[in-house]
Amino acid sequence: MDFSIREANLDDCKDIARMIMELAEYVKLAEHVKVTQKDLEQDGFSSNPLFHGIIAEVPEQHKTKEGHTKIGYALYFYAYSSWSGRAIYMEDLYVMPEFRGKGVGKALISKVAQLGLAAGSHQLNFTVLDWNKPSVDFYLSQGCFDITATMGYHCMRCEGEALKHLAQL
């Protein structure tokens, strides 16, 4: 299948917001999405971006029935591991259902890995829902491993009122 991977730009925020919602619906967590197109524009395309993105795009002749040519994305940011140094964290990787199994997801994660290596990263980190067997199997097939199973780590979060309470001295 004919597609390309490129760096995301400000004009992609509308499609990124659309695909974020599609991903959230797929994982049955749409009610948790608070990020808007405007947030993406401000947070990803300012002078000090909080994230970076890449887009998978098909030519016009392969656009979806809704008219979309942007059919996948990955969002990532650089992080630091106190044990191994520079790292890259992939927040999202998404490919529209009708384009899955055609190498788009592999190309997206490969590009994130390339960007990480070029920046001196020693690891690529991300999360995947335990029930999402197709994604888990895909990542395992790419040489990734489950650190929850092998190292016992759990991903923790503090948000909302608990975060405000935690921030009080």
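Q: Why is phenylalanine 145 called exposed?
A: In this predicted model, phenylalanine 145 has a relative accessible area of 55%. Exposed means over 50%, so phenylalanine 145 is exposed. Its place is in the loop between α4 (133-141) and α5 (147-151).

Q: What makes the nonpolar surface patch?
A: The patch, of about 600 Å², is made by Trp83, Phe145, Ile147, Met151 and Tyr153. A patch residue must have over 30% relative accessible area, and phenylalanine 145 has 55%.

Q: Why is threonine 69 called buried?
A: The relative accessible area of threonine 69 is 14%. Buried means under 20%, so threonine 69 is buried. This residue lies in the loop between β2 and β3.

Q: Which residues does threonine 69 touch, not counting residues up to four places away in sequence?
A: Threonine 69 touches Ala56, Glu57, Val58, Pro59, Glu60 and Lys63. Contact here means heavy atoms within 4.5 Å.

Q: How do you know that strand β2 pairs with strand β3?
A: Two strands pair if there are at least two bridges between them. Strand β2 (residues 52-57) and strand β3 (residues 70-81) are joined by six bridges, so they pair. These two strands run antiparallel. As an example, histidine 52 has tyrosine 76 in β3 as its bridge partner.

Q: What joins β3 to strand β4?
A: Ten bridges join β3 to strand β4 (residues 85-95), and the two run antiparallel. With at least two bridges required, β3 and β4 therefore count as paired. Alanine 79 has alanine 87 in β4 as its bridge partner, and tyrosine 73 stands opposite tyrosine 94 in β4. Three residues lie between β3 and β4 in the hairpin that they form.

Q: In what order do the five strands form the open sheet, and why do β1 and β5 stand at the edges?
A: The order is β1-β2-β3-β4-β5, with mixed pairing. β1 (4-7) and β5 (124-125) each have a single partner strand, so one side of each is left without a neighbour in the sheet.

Q: Which strands does helix α1 touch as it packs on the sheet?
A: Helix α1 (residues 13-26) touches β2, β3 and β4. The direction of helix α1 makes about 85° with that of β3.

Methods: Residues numbered from 1 in each chain as written. Predicted model: local features only at pLDDT ≥ 70, side-chain atom pairs only at ≥ 80, totals over all residues. Heavy atoms only, no water. Patch = residues over 30% accessible without salt bridge, like charges linked within 9 Å, V, L, I, M, F, W, Y side chains within 5 Å. Areas by Shrake-Rupley, 256 points an atom, 1.4 Å probe, with all protein chains shown as cover. Salt bridge = Lys/Arg side-chain N within 4 Å of Asp/Glu carboxyl O. Helix = DSSP H or I, 4+ residues; strand = E, 2+ residues; numbered from the N terminus. Buried < 20%, exposed > 50% of the residue type's maximum accessible area, 1.4 Å probe, protein only. Axes fitted to C-alpha atoms, helices over the stretch in contact; angles between N-to-C directions.
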